[in-house]
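The following report describes a single protein chain, moving from one residue to the overall fold and then to further local details.

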Amino acid sequence: PLPAEWVLGFDDQKRDTEQGQFGSYLLGRWSDQGWWYYDLVALAVKVPLPFLGLLTVSPFFLWRRRLPGVELAAILVPILVLAVFLMAFSVLDVGIRYLLPVFPLLHLVAASVWADVRRPGMAALAGVVLLAGGITDLRVHPEYLRYFNPIGGGPEHGYRVLVDSNYDWGQDLYRLPAALESEGVKGPIGLLYFGMVDPHLYGIDYRLVPQRP
């Protein structure tokens, strides 16, 4: 009763989450089985601090609002279900992108902070949060993919916590020819590359660095 390609795509994703793809990296270690807390670490280091702060204080504001049980369950139950499946049944620990389905729900949770925005000081707090978020965006532009908050060491040191598509997906490949030219590099280079585009398309003469260089 379902489209064949949809079912096949679902099966492919299910196989990857059960068996993994490349091995997983976390805090300087590699694993074929991953870690149950991988996604919690990814959230802690990849989410901008203003949003992380809102999530941290949101339980207090949710409690104050006394939302109807059905309304609260509509937000929290899907978060819980996704968390259980990601942490208990998946060994595909390669990127925070697998958490994207939960972010709309997390934004609803964080929004509870602004229910009392007319109270003294809340408008000023909202302004501070918006300003901090804007500054964060400007500082990392256009390197959004490799953003890490200060907990994760920032973009310069985030690789010590997470790699794979949390940090690099070959997004800077197009910059490499100019960098090689500016350094006066001639001939083939050893290329450590995580991406889908053939470097030859940019005129790069290369050989891949061995998996165990």
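Does aspartate 164 count as buried or exposed, and at what relative accessibility? Aspartate 164 is buried, because its relative accessibility is 8%, where buried means under 20% relative accessible area, exposed means over 50%, and partly exposed lies in between (1.4 Å probe, protein chains only). This residue belongs to the loop between α7 and α8 (176–183).

The model is a predicted one, in which local features need pLDDT of at least 70 and side-chain atom pairs count only at pLDDT 80 or more, while totals for chains, interfaces and linings use all residues. Residues are numbered from 1 along each chain as its sequence is written, and side-chain values use heavy atoms, with hydrogens and water left out.

Eight helices and four strands make up the secondary structure of the protein chain, with helices (H or I, at least four residues) and strands (E, at least two) taken as DSSP runs numbered from the N terminus. Their order along the sequence is α-β-β-α-α-α-α-α-α-α-β-β. The radius of gyration of the protein chain is 21 Å, well over the 17 Å that the globule rule gives for 213 residues, so the chain is more spread out than a compact globule; this radius is taken over C-alpha atoms, and the rule is 2.2 Å times the number of residues to the power 0.38. The C-alpha trace spans about 65 × 50 × 35 Å along its principal axes, and buried residues account for 34% of the 213 residues. Of the contacts (heavy atoms within 4.5 Å) between residues at least 6 apart in sequence, 64% join residues at least 24 apart.

| Residue | Phi |
|---|---|
| Leucine 27 | near 55° |
| Aspartate 164 | near 55° |

Leucine 27 is placed in the loop between β1 (24–26) and β2 (29–31). Another backbone feature is the cis peptide bond that joins histidine 141 and proline 142, with omega about -5°; proline 142 sits in the loop between α6 (122–140) and α7 (154–157).

Leucine 82 lies in helix α4 (residues 69–88) and is partly exposed, with a relative accessible area of 30%. When its neighbours within four places in sequence are left aside, leucine 82 is in contact with Pro101, Val102 and Leu105. The C-alpha atoms of leucine 82 and leucine 99, which are 17 residues apart along the chain, are separated by 8.4 Å.
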